[in-house]
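Hi everyone, thanks for making the time this morning. I'd like to walk you through one model, and please stop me whenever you want to look at something on the screen.

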Amino acid sequence: MKRDVPALVLFGLAALAPVVTRDGFLLDSLILILLWGAVSGAWNVAGGYAGQVSLGHSAFFGLGAYSAALLATRWNQSPWLGLLVGALLATVAGLVIGYLANRLKGPYFGLATIAFSQVLLILASRWRAVTSGSEGIPVPFRPGFATLGFQSKIPWVYLVLTLAIGIYLVARYLETSRPGYQLAGVREDEDAAEALGIPCRRLKVAAVAASAALTSVCGGLWAQYVGFVDPFYVFSVDLSVRFALNSIIGGLGTAIGPFVGSLLITSLETYLRATFSDFKAGLIGIYLIIYGCLLIVVVRFVPQGLVGWIGERLRAMGRYARA
Amino acid sequence: MGAVPQLIVSTVLLGGIYALIAVGLTLIFGIMRVVNFAHGEFLMLGMYLAFWSFTLWGLDPYVILLVAVPLFFAIGLLTYALVMRGVVKASHNVQIFTTVGLSTALQNAALVAWTGDFRFVRPWHSGVVIRIGEAAFNLSQVVAFLVAVLFTAALVAFMKWTRAGRIMRATAQDVEAATLMGIDTDRVYRLAWSIGLVCVGIAGVLMSPLYSVYPTAGLQFVLLAYVVVVLGGLGDMIGALLGSLIVAGVEVLGSYYLGSAWKEVIYFVLFIAVLVFRPAGLFGQRGSETLGA
């Protein structure tokens with residue numbers, strides 16, 4: 001329970017925010033922080049807990065976004081159904097890529113996943129008959145809970161918060177359950193784990209598939225919230241890097257890490273967007289330059305992430321106090 | 001059958017250019033054991049160097065080659081000292097995200113500085129068509145091929161016959177033994193990194209008259225270079241040359257039969273297939289331990 005205190009504080013504050021403020025800008029920032037934190041948490045299931053560092057998770061995010069958007073626009077279905085279909089498609093895609101790339105380690109797993117996301121990008125931008133090609137798809141606004149259209153931001157806060165808590169709980173399950181411990185064994189030393197009779201292959205594939213399904217659900221919700229799906233954005237490598245970045249800055253393989261990372265990174269982005277949008281829109285890309293530099297600095301100097309670093313500091317202080 | 005000579009010539013010309021990108025990559029991988037995710041961004045910088053020199057001062061890309069060699073060597077020394085030096089001995093994850101971070105930063109710096117517009121370098125020689133028999137190709141392509149082959153050959157010779165090359169190969173084979181023999185591995189890594197960047201920078205300049213220039217131009221070529229490097233066996237330069245020809249052949253045939261719109265799909269599918277079925281390369285096992293194959 002003690003480990004859940006930071007999460008309780010963070011999610012508790014998020015839940016209270018709509019009571020305190022009705023400011024659209026602040027609530028929008030909050031929704032994005034939670035949403036990007038949730039996707040990053042989903043990435044973390046594969047990248048942090050299973051050690052399958054993917055650089056193509058935008059593939060699953062895009063699958064979710066397209067499923068929700070296409071079912072709503074072309075077949076006039078509820079986006080809830082879209083979320084489900086997206087999650088199923090992403091699970092299948094995750095199983096396939098997880099199985100194919102299973103033998104690959106480190107950088108090569110990353111490269112294979114980048115290639116996979118690029119294949120989906122080309123399909124989405126060229127297969128005009130179904131996806132409207134590179135123009136993207138505007139998602140129509142249809143009010144109501146069943147169609148995920150809300151006039152106010154407040155339902156969105158609670159919806160995304162629920163998703164975030166769900167993904168946090170999945171991560172906590174991986175920290176305290178038998179499959180979770182087995183996964184940690186596979187990540188740290190695959191040969192030793194295999195020798196102990198742990199089904200390494202199956203566990204890794206399952207972790208990638210679960211991570212893909214969760215990522216896809218986030219993608220579907222994001223498409224509904226933002227109202228537009230652009231293939232060059234949802235399948236981009238930048239987006240995949242962003243998922244990884246939040247987790248790394250917060251702490252790889254920690255449940256709360258992705259949300260801490262997202263809090264920092266998303267706030268920074270929102271701030272820079274607000275600052276630069278008036279006079280020079282082109283400068284918005286600066287936040288991506290800062291992403292890149294931050295990534296280099298963090299993995300070099302704080303490879304365990306902020307959560308790990310703060311934990312170490314607290315434990316050191318504890319020892320000091322007792323002595 | 002009329003298309004066959006053309007297909008063969010295109011394959012060879014394209015293969016020569018891919019080889020220059022791949023040789024730099026395989027050099028860095030073979031010696032530093034680092035997969036450079038930012039390789040494509042240096043290619044993009046080479047293309048922009050050619051574009052701006054051509055647009056602002058009317059300088060031909062081939063003149064720029066003379067500037068590009070020392071320039072990219074200097075960029076190599078700088079990025080090594082600032083970014084790579086501290087992570088050469090770090091874990092996979094740290095190395096991946098360091099070079100990914102470098103890639104993101106460079107790509108978006110280009111985007112902010114020069115916008116996402118597609119730019120073109122069209123010097124006089126890109127319009128000159130040479131015909132031999134039934135095959136036709138343009139002069140820029142031929143020169144790019146020749147320079148690329150010359151460079152690759154020079155690099156292979158350097159690695160084989162000079163003292164510095166021997167030291168680099170020794171480090172690639174066994175870092176501990178090399179260190180015990182008094183080799184300053186830090187200098188070796190710095191040199192390998194910088195030479196690798198010179199190769200890819202030159203490749204960028206040479207390719208500028210043939211392809212459009214934009215901030216993410218490097219991505220497809222670098223993934224392609226990885227296919228080449230994996231096919232040829234990691235760290236193996238001759239393998240990289242053969243791999244380039246194979247990849248170029250697949251690309252040329254693919255665009256001929258399926259149309260160029262889908263040829264990128266072929267790259268990526270080929271890439272995944274190679275990684276899945278032949279992760280140790282077609283010719284050898286070198287470096288396969290890094291893949292866990």
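Is B:Arg33 buried or exposed? B:Arg33 has 20 other C-beta atoms within 10 Å, so it is buried. You'll find B:Arg33 in the loop between helix 1 (4–32) and helix 2 (39–57) of chain B. Its backbone deserves a look too: phi of B:Arg33 is near 60°, a positive value in a residue that isn't glycine.

Stay in chain B with me and go to B:Ile130, which is part of strand 1 (residues 129–132) of chain B. B:Ile130 has 12 other C-beta atoms within 10 Å, so it counts as exposed. Which residues does B:Ile130 contact, once its neighbours within four places in sequence are left aside? They are B:Phe137, B:Leu139 and B:Val142. If you want a sense of distance, take B:Ile266: that residue is 136 residues away from B:Ile130 along the chain, and their C-alpha atoms are separated by 29 Å.

Here is a residue from the other chain. A:Leu95 belongs to helix 4 (residues 79–100) of chain A. With 16 other C-beta atoms within 10 Å, A:Leu95 comes out as partly exposed. Setting aside residues up to four places away in sequence, A:Leu95 touches A:Val205 and A:Ala209. And if you look at A:Ala206, its C-alpha is 7.1 Å from that of A:Leu95, although the two are 111 residues apart in sequence.

Let's zoom out to whole chains, starting with chain A. Chain A is built from 15 helices and two strands. Its C-alpha trace spans about 60 × 45 × 35 Å along the principal axes. For 323 residues, a compact globule would have a radius of gyration near 20 Å, and chain A agrees with that at 20 Å. Among contacts in chain A with a separation of 6 or more, 77% join residues 24 or more positions apart.

Next, chain B. What pattern does chain B follow along the sequence? Reading along, you get α-α-α-α-β-β-α-α-α-α-α-α-α-α, from twelve helices and two strands. The C-alpha atoms of chain B fill a box of roughly 55 × 45 × 35 Å along the principal axes. A compact globule of 293 residues would have a radius of gyration near 19 Å, and chain B, at 19 Å, agrees. Of those 293 residues, 49% count as buried.

Now for the part where the two chains meet. The contact takes 38 residues from chain A and 37 residues from chain B. On the side of chain A that touches chain B, the elements giving two or more residues are helix 5 (106–126), helix 12 (237–250) and helix 14 (286–301) of chain A. Which one gives the most? That is helix 5 of chain A, with 13 residues. By residue type, this side of chain A divides into 27 nonpolar, six polar and five charged.

Of its 21 residues, 16 are buried, so helix 5 of chain A is largely enclosed by the rest of the structure.

Finally, confidence. The model scores ipTM 0.81 and pTM 0.85. Chain A has a mean pLDDT of 83, with 96% of its residues at 70 or more. Within chain A, confidence is lowest in helix 6 (residues 128–131), at a mean of 74, and highest in helix 10 (residues 200–226), at 89. Chain B averages 82, and 92% of its residues score at least 70. Where is confidence lowest in chain B? Look at helix 12 (residues 288–291) of chain B, with a mean of 46, while helix 8 (residues 185–207) of chain B is highest at 91. Over residues 286–293 of chain B the pLDDT is below 50, and this stretch has 25 contacts in the model beyond near neighbours in sequence. Where pLDDT is low, the predicted coordinates should not be read in detail.

That's my tour, and I'm happy to take questions.

Key. Residues are numbered from 1 along each chain as its sequence is written. Chains are lettered from A and ligands numbered from 1 in the order in which they are written. This is a predicted model: local features need pLDDT of at least 70, side-chain atom pairs count only at pLDDT 80 or more; totals for chains, interfaces and linings use all residues. Two residues are in contact if their C-beta atoms, placed from the backbone, lie within 7 Å. Helices (H or I, at least four residues) and strands (E, at least two) are DSSP runs, numbered from the N terminus. Ala, Val, Leu, Ile, Met, Phe, Trp, Tyr, Cys and Pro count as nonpolar, Asp, Glu, Lys and Arg as charged, and the others, Gly among them, as polar. pLDDT is the predictor's confidence in each residue, from 0 to 100. The radius of gyration is taken over C-alpha atoms; the globule rule is 2.2 Å times the number of residues to the power 0.38.
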